[in-house]
Amino acid sequence: MYRRGGDSLQGRYHHYRLHPFSVAEAEHPGRRRAFQPGGALAIDRGARGTLDTLLAYSGFPEPFFAATARMHRRWQKDRLDRVFREDVRDLEAVRDLAAIEHLADLLPGRVGSLNALREDLEVSHRALTHWMDVLDRLYHVFRLRPFEGRRVRSLRRMPKAYLWDWSLVPDAAARFENLMASHLLKLVHDLQDVDGQTVELCYLRDRAGHEVDFLITASGRPWLAVEAKLSETRIDPSIRYFQQRLKIPFVYQVVLEARRDFVEDGVRCVPAADFLAALC
């Protein structure tokens, strides 16, 4: 609310964005790594149990620490009621509250893609964009845009949407991808807010159909790319394609069910618990 006011307060406060718990934070409370954009990650051994709890119950404190299905359901219901019955009504100019609730109901099944939502809702592109902006401002969703570069013919107007509460996502692969997006966004926001670094999180997709889930850039240049997989340890061809085309220094295929950490053709395939423990 202060940031929307007339007084900028520049120099009198710092703005930090608060995130749900991550694997690294849950396992090592109070520790903060010193990241150097453009450098390698120091991969740790992570606890798979922590990751499983986060996947099941989200990273919000109440359901995470309770770790029971009953508490999780009650907390999730209360949160959604507050977002749509109070926050949207009181803070945003939305005429059709039922339609934006319908959009929110559809989003967990469309994580990572917004294609066909406009047709399903039978609304204009402008209306859908406005509703997504509302959900973004209220911390229900966040969106990633494709990387734009001279060597990639990207699809510029195709953002991907993810939920702050990834436990709403029913599909296992999409939920893991959402959790990965949240962890990487937390790293990017930490580098921006604490260190003042010029880093951004986006994804890679070109018109030929090659796609990699995530790319972090440092000062506009590719720093590290991440592909999230449930169990596939064979290196995805799209990772190699973009690695060679964009000269990405660090490329990871992060696998939830993997047990082995290995490097193949410059791509590191690493268990998810270990990779996520290396973040913040």
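Modeller: The model is predicted: local features need pLDDT of at least 70, side-chain atom pairs count only at pLDDT 80 or more, and totals for chains, interfaces and linings use all residues. Residues are numbered from 1 along each chain as its sequence is written, and side-chain values use heavy atoms, with hydrogens and water left out.

Colleague: Which strands stand at the edges of the open sheet of 6 strands?

Modeller: The strand order is β3-β4-β5-β6-β8-β7, with mixed pairing; strands are DSSP runs of E, at least two residues long, and helices are runs of H or I of at least four, both numbered from the N terminus. Two strands pair if DSSP finds at least two bridges between them. Each edge strand has a single partner, so one side of each is left without a neighbour in the sheet; these strands are β3 (199-205) and β7 (262-264).

Colleague: How many residues of β6 are buried?

Modeller: Strand β6 (residues 250-255) pairs in the parallel sense with β5 (residues 221-229) over 6 bridges, and Y252 in β6 is the bridge partner of V226. To β8 (residues 267-271), β6 is joined by 4 bridges, also in parallel. Buried means under 20% relative accessible area, exposed over 50%, and partly exposed in between (1.4 Å probe, protein chains only). By this criterion β6 is mostly covered, the buried residues being 5 of its 6.

Colleague: At what angle do the axes of α5 and α7 cross?

Modeller: Two packed helices are described by the angle between their axes and the distance between the axes. Here axes are lines fitted to C-alpha atoms, for helices over the stretch in contact, and angles run from 0 to 180 degrees between N-to-C directions. The axes of α5 (residues 97-106) and α7 (residues 125-137) come within 11 Å and cross at roughly 75°.

Colleague: Which residues of α5 meet α7?

Modeller: On the α7 side the residues are L128, W131, M132, V134 and L135, where contact means heavy atoms within 4.5 Å. Their partners in α5 are A99, I100 and L103.

Colleague: What is the relative accessible area of L80?

Modeller: L80 lies in helix α4 (residues 69-91). Beyond its neighbours within four places in sequence, L80 is in contact with R85, H140 and L168. L80 is partly exposed, and its relative accessible area is 24%.
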